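Visitor: Hi, I'm new to this one. Could you walk me through it?
Guide: Happy to, let's have a look together.

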Amino acid sequence: MKEYEEYISRMEEIRRLSSPLLDDISDADEYSVLLRENFTRIGQLAALNRQFLDSVLFPLIRSESIDEDLTDDLMDFTDQMICAENMENIDLPMGSIVSDRLLKEANKKGNLNEKLAVYDILIGILYELMNMTTRIHAYPEIADAYRKKGFEVGQVFFDLVDKEKLAAIEDMDIRFMIVINARYSIVFYEGVYSDSKANAEQLEKLDQMYDIANDPEYKELLPGFDWIYHLYRVYQYYFMAIEYNNKYGFDRDQIEHIFERGREMVDLWNESQEHLQEVLQGAEEWNSLVMFIYRAEYLSGRKSREEYIKCMLDLYEKRDIYTFKAGKSYLNFVIPMELISIISSGPISESEKTILYRFYQDILNYAFRIPNAGMISGMLEYLYGIIDSFVEIPSRITFEEMVLKCMAAIHPPTYVHSLMVGQITECICKHVLRLMPEKLIGVRGYSSPDDVMDNSVDILSFTYHSALCHDFGKISIIDTVFVYGRKLWDMEFDLIKTHPTTGYELMKRYASTREYAEVALGHHKWYDNTKGYPPEFDTSKSPSKPIIDIVLCADCLDAATDTIGRSYNKGKGVEEFTEELREGSGTRYAPWLCELFEDPSVQSDIDYLLQEGRKLNYRNTYYLLRDIHDR
Ligand SMILES: [Fe+2]
Ligand SMILES: [Fe+2]
């Protein structure tokens, strides 16, 4: 088991190392040195992890059969990969692959208990995978597939809650597990928007779970079961059913029903506070409960919008910004999300703008600390919620700025990459304007070389910002960038391939990024459109085609030459890259770009950006993070 544990602690260390805190850092140079050291260390840790996977784990997964001891080890290992208590998924896809293998093993033996034990883990994995992929808005079918599987596994447990079936199971732990998972499976309704049939089903299942807690026959079937905790969880699920501003669209009667349960929950809390505090290990807070009650009061008409906002802001002051435990971190995200949703549903007053701006600042500060606190996955879910519901306040913060800062906070190398691609693209574009302005005809609607030259400032600004935002879609799948220790699975490549479309969909919604969305959509498409993704987007039809081609080139150039953020890189130079350009000329890369790179001044300008420019970008990242950190 030791080597499994070591693998996991290396994974955790990798996460911490990728976004170091600034507490012991006093200047930008120290930061750059630290980051370089950290990524060198990440490279070493990743190599050790690969070794473990190739020599221990993969052979085991591929083997004909797995003996019992090893099965237990694998179960523990998988459990830790999703680490539900901390809301931290160390490696979800890995957990998924191992659990699939374990399920195969249990099916072979035909043992129900063993099968249920694997389902017990699988259901957690499916829920987390659903959450992870829900962030990929452009492809809701991916999350829906996990939701569907989750319901299937949940149904296995729900069917077994039946009194007779439960009585037929001898093992008491398995009986407990069945009830717990039946209850848990109700979380798969999360994110089913405004579907009245699903809403009714959800409440029906919750009522069923509520009823069994008050049924003496169940008390007999499950002696020693913690019914207080069970009820507390059921109540909590009732409350969680109403999402921000009732996004899921429960009707007035349903909200009243939930509100009634809320009253009971307060009673339960008052009667059994000591016990609940103990089982919840202090992770849950009275404040979260208060927040739920406020929400129900507002939605059932007992509180006005103004009263509600005021109460929530008072509650927000009670949040703990230094705790990252699942229950406690809640107020840091959920109150802002709730209020952003409420405030943005109507015209926004000046004082409300101040509230929103403050939320965004707080969240960036909080997000920056999280990679070090071991709760990246849970946090990403919320952070993405904030980005998804973002409201631009043009005088204070734009969408472009918010996403860039989020990237810097969570994964500085990804932020530096964005800056690099922005600057390289702008530099190439300057040379195109100098040497071949006719190539830019059509961009921004300019129809002749003279027109292009007259508006070069506009073209350059457009080019720079388009490139800066090219990877915005990555914000929804940024967990995948923490996978350093192993090759990516097909499923992860598929997720990565969604980022141009997700970025496009996000950027189109905001004034500050709308114009750049098409470049983001096309930045992984080959010049000749034969390869790359998304396959359905034909860049030759886009007026921004030349810019897309430049960004593609700048993106590959930065990726090939960066040795910090991509510690697996040997770090090519411009000359080697020019060779790559020549090889891909006319297919992957625009022939005129290859021509342009033959010019010595282009080479030396780019070389400067790759050397001095990159250093400067790391320095500036430090100043940005320092600003977020010290706030
Ligand atoms: Fe990309
Ligand atoms: Fe990129």
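Visitor: Which residue bridges the iron ion (ligand 1) and the iron ion (ligand 2)?
Guide: That is D471, and the two ions lie 3.5 Å apart. Keep in mind that this is a predicted model, where local features need pLDDT of at least 70, side-chain atom pairs count only at pLDDT 80 or more, and totals for chains, interfaces and linings use all residues. Residues are numbered from 1 along each chain as its sequence is written, chains are lettered from A and ligands numbered from 1 in the order in which they are written, and side-chain values use heavy atoms, with hydrogens and water left out.

Visitor: What coordinates the iron ion (ligand 1)?
Guide: D471 (OD), H499 (NE2), H523 (NE2) and H524 (NE2) do, at 2.2 Å. Donors are N, O and S atoms within 2.8 Å of the metal (3.2 Å for Na, K and Ca); water is not among the atoms, so sites may look incomplete. Along the chain, the donors of this ion are spaced D-x27-H-x23-H-H.

Visitor: Is H523 buried or exposed?
Guide: H523 is buried, at 0% relative accessible area. Buried means under 20%, exposed over 50%, and partly exposed in between (1.4 Å probe, protein chains only).

Visitor: And H499, where does that sit?
Guide: H499 is one of the buried residues of α23, a helix covering residues 499-508. Helices (H or I, at least four residues) and strands (E, at least two) are DSSP runs, numbered from the N terminus.

Visitor: Why is α23 largely enclosed by the rest of the structure?
Guide: Because seven of its 10 residues are buried. Those buried residues pack against α17 (376-388), α18 (399-410), α22 (490-496) and α24 (517-522).

Visitor: New topic: how many salt bridges are there?
Guide: The whole structure has 36, each a side-chain nitrogen of Lys or Arg within 4 Å of a carboxyl oxygen of Asp or Glu. One of them pairs R358 with E317, with the closest N and O atoms 3.0 Å apart. R358 is in helix α16 (residues 350-369), while E317 is in the loop between α14 (305-316) and α15 (330-343), 41 residues apart.

Visitor: Which other partner does R358 have?
Guide: D362, at 3.3 Å from N to O. They are four residues apart in helix α16, so about one helical turn separates them.

Definitions and conventions. Contact = heavy atoms within 4.5 Å.
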